[in-house]
Amino acid sequence: MTLKEIAKEAGVSISTVSRVINKNSTSAASKEVQERLWEIVRRTGYVPNSSARDLKMKGANSPHISHSIACLFARAEDSKSDLFFSTLARSIEQEAFKRNYILKYSFTAIDIHHPNVLRLITDNHVDGVAILGRCSKQTLSFLKKYFNCVVYTGLNLLEAKYDQIISDGYQAALTAMSYLINLGHSRIGYIGETKYENRYTGYCSALNASGLPLKKEYVVNVPLSSEGGYCGAKKLIDRNVDVSALFCCNDVTAIGAMRAIQETGHKIPDDVSIISIDDIDTAQYLSPMLTTIHMPVEEMGQMTAKILIDRIEGGHCLPIVMNLPYYLANRESCRQYSPSNNLSASNHNL
């Protein structure tokens, strides 16, 4: 496969293909075009020109070794469509490609039970695997059985001796909660997962540190999805709770919650403030724009690829844990507390 052939199949110019693939430019084409180009790269096994040059210099009789990795979307069956994880995977793929590795295939934690995927894994035609998002100990043990090189990236630190690239979700949750508390909010609800979730632990710790009670009726345990956020906000409204602010586990969940809140006649942030974690692209295009904790997803992907490839190539043996910094993206969905702030349906003609 050549750049010319890729350009023809994708319906773009050769220069566009070169800028996106060889230079990893994020402004060379739309996201849709970039995704289409990387899909062709994955499907055809295209390798950069540098690999061809290296092979030519080594001589025609030298065996060509195709280096490749895989990605496991560990959090949910539809993680591939989640903006945070899809961006993370794309960053891993692009960084790996610069180092002459291709992302050969990706799968979810549920896929490993499918015979065809299991056969693909057991044949082990890749050099290493990157785990995206927290997964069970059973899944980790499974991967370690079939992959010599494993790296994990996400917001929860794993209690396991693996290379890990994280941005601490617990500390990010503390930052989000501290921001709301400093705005004067004391009745803060939570929407998201609660089991084995360090963002929920951060929520609880922040309340405790400020001397605020943890009220069960303020907490809804829902999947991290727009539907989960929508249903979670509906539950809080149906409970007639008097929260003045909401902490959502991630942006996708917050987007669903915002829709439910606005559908029921409440205003953000006049009636209730909302903050979340991730800072996906969509967050700044909402109305109001979402205040969130910016997690360095692009950098997480880049470092994940670098650390995985370094381990594959024997650069290190001891487990590496790297914690990347985050920051507060202060926008429009939060405001200073006032006595009129209340999610309770009794304040509206609903």
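Setting aside neighbours within four places in sequence, Ser 244 is in contact (heavy atoms within 4.5 Å) with His 185, Ser 186, Arg 187, Asp 271, Val 272, Ser 273, Tyr 337 and Asn 341. This is a predicted model, in which local features need pLDDT of at least 70 and side-chain atom pairs count only at pLDDT 80 or more, while totals for chains, interfaces and linings use all residues. Residues are numbered from 1 along each chain as its sequence is written, and side-chain values use heavy atoms, with hydrogens and water left out.

**The protein as a whole**

- The secondary structure comes to twelve helices and twelve strands; these are DSSP runs numbered from the N terminus, with helices being H or I of at least four residues and strands E of at least two.
- Of the 350 residues, 53% count as buried, where buried means under 20% relative accessible area, exposed over 50% and partly exposed in between, using a 1.4 Å probe and protein chains only.
- Take the contacts between residues at least 6 apart in sequence: 73% of them join residues at least 24 apart.
- The protein exposes about 16,300 Å², and carbon and sulfur atoms supply 51% of that area; accessible areas come from the Shrake-Rupley method with a 1.4 Å probe, and for residues only the protein chains shown count as cover.

- Strand β6 (residues 188-192) is largely enclosed by the rest of the structure, because five of its five residues are buried.
- In a regular strand, side chains alternate between the two faces of the sheet.
- Both faces of β6 are covered, with Ile 188, Tyr 190 and Gly 192 buried on one side and Gly 189 and Ile 191 buried on the other.
- β6 pairs with strand β8 (residues 245-248) in the parallel sense over four bridges; to count as paired, two strands need at least two bridges found by DSSP.
- Within this pairing, look for Tyr 190 opposite Phe 247 of β8.
- β6 also runs parallel to strand β7 (residues 219-221), joined to it by three bridges, and Gly 192 has Asn 221 of β7 as its bridge partner.

**Two serines in loops**

- Ser 244 lies in the loop between α10 (226-238) and β8, and it counts as buried because its relative accessibility is 0%.
- Ser 225 sits in the loop between β7 and α10.
- The C-alpha atoms of Ser 225 and Gly 192 are separated by 8.7 Å, although the two residues are 33 apart along the chain.
- Beyond its neighbours within four places in sequence, Ser 225 is in contact with Val 252 and Thr 253.

**The pockets**

- Rolling a probe the size of a water molecule over the atoms shows where empty space is left.
- A pocket is an open set of points on a 1 Å grid over the protein atoms alone, where a 1.4 Å probe fits and protein lies on both sides within 12 Å along at least five of seven lines; lining residues have an atom within 4 Å of a point.
- The largest pocket holds about 770 Å³ of space, a volume being the space filled by probe spheres set on the points.
- Its lining has 34 residues, and Glu 35, Leu 83, Ser 86, Thr 87 and Arg 90 lie nearest the centre.
- α5 gives the largest share of that lining, nine residues.
- The second largest pocket contains about 470 Å³ of space.
- Among the 14 residues lining the second largest pocket, Arg 134, Cys 135, Lys 137, Leu 158 and Tyr 196 are the closest to its centre.
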